[in-house]
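Here are my notes on the model you sent. Please read them with the structure open.

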Amino acid sequence: MAFDSTPLRVEVVSAEGLIWEGDAVQVIARTTEGDIGVMANHEPFLGILVPGAAEVFTTEGRREIVAVDGGFMSVADNRVSLLNGYARMAKEISLSEAESELAKAQLALEKGDVSTETMQHYHRASAQVRAAQKAASRN
Amino acid sequence: MSATKKITKAMELIAASKVIRAQQAARRALPYTRELNRAVSALATHTRNLEHPLTTQIERPRRAALLVFTSDRGMNGAFNSNVHKMAGQMRQRLEDQGLEVKRYMVGRKGIGYMKFREIPMVQSWDGFSDAPTFANAHEIADVLIEDFLTPYEEGGVDEIHAVYTRMESMLTQTPRVRRLLPLEVVEGVTELGELDHIPQYEFEPDPETVLDELMPLYVRSRVWFYLLQSAASILASQQKAMKSATDNAQQLIETLTREANQARQAEITQEITEIVGGASALAEASAEN
């Protein structure tokens, strides 16, 4: 089984459904411990994600970017799943919309609203902005 | 009457199209639950004891909560009364065990039901019963988790039961009671037992923290499941109710048309009899002259 040609089967799952699946050479995501790159035959892994943009390098040489506001990544038997209730593919995010959401959340924070909802809103929006920017910059 | 029939027919068609969408939404949410279950089972096999505040059963529970999923609007037959009946039975059972019962309501109809009877609710949510979003589930779940983690003395609850309606098919929707908290994660563990090998997982940052993060996600996904199932059931009941309303209207139209025809017929007969009577009276009168 240990061949470099074995692709990783990647699934990106949000609460609303399976939003992306495909074969990949590498998946990079940020966990609570820092960035982790997963390639084929990685040992079984389960890590908590921090809000940000995860990257999937497909076998066709494309780069897919996923905005997550938490959730986790699990790896086992060359299957990778990125699970986050609010996960979104960067190509489906409108940068301007995400930016205005972020501005709204920032405004609320500046006004002293530090409720969990506002924090989550802020993290989600900033992850989406980052993902959309990443997608726009190199693709 | 035919105006009423047109309205109910339209509502039936709208519900029919929405129910398909709701069913699709419920199906699409399955991978999320599946992945979560898989992760929890992976954890369960590694950390020897899956002990977590959210899975710990309190030895002598004193207060329980009922989370009841009703609809925002009526026109769906016996949907809400079935849910209330089920919730009532569950409340009775809990009270028989000596537990105090607190209520959480989802859906305007349920809230109205409680208010009318002046039964206090801890919290209620409405406005999304037929098209819930994950954010709704998130909000509800987080409130419940917080109240569950609050000790009894400070007003917390020791167990939480959910009353929702399961969408069996377009024809059957059954109200059900499920314990939401403390969580039972047994199913996932047995599932993993079927695998021939158990992979050695690496956890980041560590199994305990991963478990801490996973448990609330698990609760949210349960609530999300209940919301989606109830939404599909609401729409299916609505379609059914509106279909029978349309059929009734149709029947009424037929009976009323028949009655109207009969009345008209009777009137015509009456007139003819009068004319004939009048004519013969005239004939008689002229014959006498």
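**Notes on strands and the chain contact**

1. L66(B) stands opposite R103(B) in β2(B). The strands here are β1 (residues 63-69) and β2 (residues 100-106) of chain B, which pair in the parallel sense over seven bridges. Strands are DSSP runs (E, at least two residues), helices likewise (H or I, at least four), numbered from the N terminus. Two strands pair if DSSP finds at least two bridges between them.

2. This is a predicted model: local features need pLDDT of at least 70, side-chain atom pairs count only at pLDDT 80 or more, and totals for chains, interfaces and linings use all residues. Residues are numbered from 1 along each chain as its sequence is written, and chains are lettered from A and ligands numbered from 1 in the order written.

3. Chain B holds an open sheet of five strands, ordered β3-β2-β1-β4-β5, with mixed pairing. β3 (123-125) and β5 (173-181) of chain B each have a single partner strand, so one side of each lacks a neighbour in the sheet.

4. Now the chain contact. 22 residues of chain B are in contact with 22 residues of chain A (C-beta atoms, placed from the backbone, within 7 Å). On the chain B side, α2 (30-46), α5 (134-149), β6 (202-204) and α7 (207-288) give two or more residues each. α2(B) gives the most, with six residues.

5. β4 (residues 45-48) of chain A and β6(B) pair in the parallel sense over three bridges. There, L46(A) stands opposite F203(B) in β6(B).

Notes. Two residues are in contact if their C-beta atoms, placed from the backbone, lie within 7 Å.
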